[in-house]
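User: I have a chain on the screen and would like to learn how to read it. Can we go feature by feature?

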Amino acid sequence: MRQSATAHTAHRTGHQGEHDGPRPSGAAAPELQLFRAVFCPDPRRVPEMRRSARNFLRRLDTPESTIADAELVVSELVTNAIQHGGAEGEVGLSVSATNSMVRVSVSDRNPAPAKLKQADTDDESGRGLALVAALTDHWHISADGTTVHCVLALPEAAA
């Protein structure tokens, strides 16, 4: 199995992504900031990806409450991708931000989509997607089942 190094890419674009939502006519496109990492599915990567997302969002002066929520979302989704994505495939994490929202996307090679479950009180797992749903303003799974996308609106944008 090929060991993939974590790739960090931060760049700016002047266009709005297809999932960023509507923008008032005449309004300037929000500046998109992006962090990406691709790595082998190893549980030791979870805290590293959480830290990387936190550091990226702090450099953008993202509100601490949004950073805390995004960290938890990254942790849950990366853990799920490592546990359920298949040991041979790579896991991908993308965190992007504009002046109104933070988007977290996590991909794995398993085409079986993640499923929101109702965990029993004695269950030791099974609450990750419920937590993601509670912390985000919107989440969905890609048509091919390999990626979970989440949006967290920034407090000023949500008002």
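Analyst: Start with one term. Contact means heavy atoms within 4.5 Å. Keep in mind that this is a predicted model. Now apply the term: the buried residues of helix 3 pack against helix 2, strand 5 (138-141) and strand 6.

User: Which residues of helix 3 are buried?

Analyst: Buried means under 20% relative accessible area. In helix 3, G128, L129 and V132 are buried. Viewed down the axis of helix 3, its buried residues fall within an arc of 90°, so they line one face of the helix.

User: What about A133: buried or partly exposed?

Analyst: A133 also belongs to helix 3. A133 has 28% relative accessibility and counts as partly exposed.

User: Step back. How many helices and strands does the chain have?

Analyst: The chain holds four helices and six strands. From the N terminus, the order is β-β-α-α-β-β-α-β-β-α. Of the 159 residues, 41% count as buried. The accessible surface is about 9000 Å², and 49% of that belongs to carbon and sulfur atoms.

User: What share of contacts joins residues at least 24 apart?

Analyst: Take contacts between residues at least 6 apart in sequence. Of these, 65% join residues at least 24 apart.

User: How do I read strand pairing?

Analyst: Look for bridges, and for the direction of the two strands. Strand 3 and strand 4 run antiparallel, joined by six bridges. They form a hairpin, with three residues between them. Within this pairing, L93 has V106 of strand 4 as its bridge partner.

User: In which sense do strand 4 and strand 6 pair?

Analyst: Strand 4 and strand 6 pair in the antiparallel sense, over seven bridges. S105 stands opposite H149 in strand 6. Strand 4 is mostly covered, with six of its seven residues buried.

User: Now the core. Which members touch the most other members?

Analyst: The general idea first. In soluble globular proteins, nonpolar side chains tend to be buried together. Here the largest nonpolar core has 29 residues, and L77, L93, V95 and V104 touch the most other members. Several elements supply at least two residues each, among them strand 2 (32-39), helix 1 (45-59), strand 3 (91-97) and strand 4 (101-107). Helix 2 gives the largest share, eight residues.

User: Which residues is V104 in contact with, leaving aside its neighbours within four places in sequence?

Analyst: With those neighbours set aside, V104 is in contact with V73, V74, L77, L93, S94, V148, H149, C150 and L152.

Conventions:
Residues are numbered from 1 along each chain as its sequence is written. This is a predicted model: local features need pLDDT of at least 70, side-chain atom pairs count only at pLDDT 80 or more; totals for chains, interfaces and linings use all residues. Side-chain values use heavy atoms; hydrogens and water are left out. A nonpolar core is a set of buried Ala, Val, Leu, Ile, Met, Phe, Trp, Tyr and Cys residues joined through side-chain atoms within 4.5 Å. Buried means under 20% relative accessible area, exposed over 50%, partly exposed in between (1.4 Å probe, protein chains only). Accessible areas come from the Shrake-Rupley method with a 1.4 Å probe; for residues, only the protein chains shown count as cover. Two strands pair if DSSP finds at least two bridges between them. The arc is that of the directions from the helix axis to the C-beta atoms.
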